[in-house]
Amino acid sequence: MQRNRTELNAIIYRINKLLKMQTQDAVRKFGITTDQWIVLGRIYNSEENMNQKMLAESCFKEKAAITRILDILEKQELLERRDSPADRREYLIYITKKGRKACLTI
């Protein structure tokens, strides 16, 4: 039983590594990292407007990491932050046309 579990863990590790390498190759042409791609994809696939806290929770990232990622993606014009009409202390995150194109391309 332990041997099967060890073999299964090794297979899962290799698959994860392969997928990560393939994703890195695909997103490299947009000048972003895999983590940035995950955040961009989450925004793209979201059915509701997300704030930074919701985004951090849904991507399993720390709030500070999300802030840095959003800064980079906003600088590259892949997304934008807008004031929330419900709470002036928060921003809602929106994907731009350039960001949508990137999501459709990858």
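Guide: Rings of Phe, Tyr and Trp (its six-membered ring) pair if their centres lie within 6.5 Å; planes under 30 degrees apart count as stacked, over 60 as edge-to-face and the rest as tilted. By that rule, the structure holds 0 aromatic pairs. This is a predicted model, in which local features need pLDDT of at least 70 and side-chain atom pairs count only at pLDDT 80 or more, while totals for chains, interfaces and linings use all residues. Residues are numbered from 1 along each chain as its sequence is written, and side-chain values use heavy atoms, with hydrogens and water left out.

Visitor: Which residues of helix H3 are called buried?

Guide: Buried means under 20% relative accessible area (1.4 Å probe, protein chains only). In H3, residues 52–59, this applies to Gln 52, Leu 55, Ala 56 and Cys 59. They cover an arc of only 100 degrees around the axis, which puts them on the same side of H3.

Visitor: What is Leu 70 in contact with, leaving aside its neighbours within four places in sequence?

Guide: Contact means heavy atoms within 4.5 Å. The partners of Leu 70 beyond those neighbours are Val 39, Ile 43, Gln 52, Leu 55, Leu 79, Arg 81 and Ile 93.

Visitor: What follows H3?

Guide: Phe 60 follows H3, and its phi is positive, near 55 degrees.

Notes
Buried means under 20% relative accessible area, exposed over 50%, partly exposed in between (1.4 Å probe, protein chains only). Helices (H or I, at least four residues) and strands (E, at least two) are DSSP runs, numbered from the N terminus. The arc is that of the directions from the helix axis to the C-beta atoms.
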